[in-house]
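Please keep the sequence and the three-dimensional view at hand while reading.

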Amino acid sequence: MTRPRAAMRARVVGLVFTVGLAGLGVVVWAAESASDPRRSGFDFMTPELQAMQRDDALNPGMLWIKDGEALWNRNVGTADRSCASCHGAATATMRGVAARYPAFDTASGRPVTLSQRINLCRVERQRAPAFGFESDELLALEGYLAHQSRGQPLAPPSDPRLEPFRARGERLFRQRIGQLDFSCAQCHDEQAGKRLAGSAIPQAHPNGYPIYRLEWQGLGSLERRLRGCMSGVRAEPFAYGAPELVELELYLAQRAAGLRIETPAVRP
Amino acid sequence: MARALITMPSVAKRGEVIEIRTLIAHPMETGYRRGDEGAVLPRNLIRRFTCRYDGEVVVAAELFPAVAANPLLSFYTVATTSGTLTFTWEGDNGFAQSESVTITVT
């Protein structure tokens, strides 16, 4: 497999990140981490698909991003306010925000995903009905926000209140489920880079969501992807918005910390 | 909620060949597939695309079931005069969308 420039970039980012954690004392360790084994799903794609993602004029995900921009500026609800009424121009105020989600919500005492935060804002501040899970509107707004952080490294918050949830997420990642009795880790840690039938098994990093997936012929969320994997191993998928899915997302964000956001990513 | 994205230069030299790319949100349902309940999903296609340059047709295309959802159409034309390019997509169930982009030719 060819390793395009993005892979090189990811490697350099990995170095900076790991050195930051480990300190500069351990020279040998730092040298090893120069070859950070983590790869974005982008690196597992064909050059044609990579070109489709790279060029905004070819990337169908941009249709939703354009919609999200309109929704950001539209007054709604009994409060008759738009997102922009409080937050201003997303291009300035929302830069880097998506990189920090899921984040802790003090009011509910739980972690919330970016899409849950959008709906919280919508219900509490705009006094408008929440968007449905996986609705085009929610995906468009989430995509528009995440798009503002494109190119920035995933930076999950180090909030200690998130730790128990993240630990549960990691446990779920390693737990065997379904009739096929597979855990996420068995494919995406142990067999990543190999093939399942004709498809490459990526490392399952959530750095491009919401993604335009060719199989879906549309934009879809990380929750949809996780649920798809769960039915794939013939397990009962968690419902949209279930705490377990949020916990999994928390762990995945930590696992991919430092990888650059690609929203809207294109995936096969 | 029909959405379209058009990518083309806003300024060009006279006689210059310009590339135009159009993306439109559309399910392009073939009419051959079945849904979860087993019922055939009714056909819903964009049948025809037309690009007019100041009223003159420069590109027209017929679309068929093999075209993917959210079709991308990319083509070239010669920048002749400052004016408006009008893009129309027409299809099943009375689908019709039109977008206009102006170009300045120097």
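## A buried arginine in chain B

B:Arg21 is buried, with a relative accessible area of 18%. Here buried means under 20% relative accessible area, exposed means over 50%, and partly exposed lies in between, for a 1.4 Å probe and protein chains only. The residue belongs to strand β3 of chain B, which spans residues 17–24. Strands (E, at least two residues) and helices (H or I, at least four residues) are DSSP runs, numbered from the N terminus.

Leaving aside residues up to four places away in sequence, B:Arg21 touches A:Asp55, A:Ala57 and A:Leu58 in chain A, and also B:Leu5, B:Ile6, B:Thr7, B:Leu72, B:Leu73 and B:Ser74. A contact means heavy atoms within 4.5 Å. B:Val78 is 57 residues apart from B:Arg21 along the chain, and their C-alpha atoms are separated by 14 Å.

## Basis of the model

This is a predicted model, in which local features need pLDDT of at least 70 and side-chain atom pairs count only at pLDDT 80 or more, while totals for chains, interfaces and linings use all residues. Residues are numbered from 1 along each chain as its sequence is written, chains are lettered from A and ligands numbered from 1 in the order in which they are written, and side-chain values use heavy atoms, with hydrogens and water left out.

## Chain B as a whole

Chain B has eight strands and zero helices. Its C-alpha atoms fill a box of roughly 60 × 20 × 20 Å along the principal axes. Of the 106 residues in chain B, 39% are buried. Among contacts in this chain between residues at least 6 apart in sequence, 59% join residues at least 24 apart.

B:Asn70 lies in the loop between β5 (56–62) and β6 (72–78) of chain B. This residue has a positive phi of about 50° although it is not a glycine, and at 7% relative accessibility it counts as buried.

## Nonpolar cores

In soluble globular proteins, nonpolar side chains tend to be buried together. A nonpolar core is defined as a set of buried Ala, Val, Leu, Ile, Met, Phe, Trp, Tyr and Cys residues joined through side-chain atoms within 4.5 Å. The largest such core has 29 residues, and A:Trp64, A:Trp72, A:Leu141 and A:Leu145 touch the most other members. At least two residues of this core come from each of α4 (61–72), α7 (114–124) and α8 of chain A. The largest share, seven residues, is supplied by α8(A). Another core lies apart from this one and holds 22 residues, among them B:Val59, B:Leu63, B:Phe75 and B:Phe95.

Helix α3 of chain A covers residues 47–54, and its buried residues are A:Leu49, A:Gln50 and A:Gln53. Because they cover an arc of only 100° around the axis, they lie on the same side of α3(A); the arc is that of the directions from the helix axis to the C-beta atoms. These buried residues pack against β7 (266–267) of chain A. On the other side of α3(A), A:Pro47, A:Glu48 and A:Arg54 are exposed.

## Cavities

How many cavities of 30 Å³ or more does a search of the whole structure find? The search finds two. A cavity is a set of points, on a 1 Å grid over the protein atoms alone, where a 1.4 Å probe fits but cannot get out, and lining residues have an atom within 4 Å of a point. Grid points are joined across faces, edges and corners, and a volume is the space filled by probe spheres set on the points.

The largest cavity has a volume of about 390 Å³. It is lined by 27 residues, of which A:Leu114, A:Glu142, A:Tyr209, A:Leu222 and A:Glu249 are the closest to its centre. With four residues, α8(A) gives the most to this lining. The second largest cavity has a volume of about 50 Å³, and its lining residues include A:Leu172, A:Met230 and A:Phe238.

## Cis peptide bonds

A cis peptide bond joins A:Tyr209 and A:Pro210, with omega about -10°. A:Pro210 is placed in the loop between β4 (199–200) and β5 (211–213) of chain A. The peptide bond from A:Tyr101 to A:Pro102 is also cis, with omega near 0°.

Methods: 1 Å grid on protein atoms, 1.4 Å probe; cavity = no way out; pocket = protein on both sides within 12 Å on 5 of 7 lines; lining within 4 Å.
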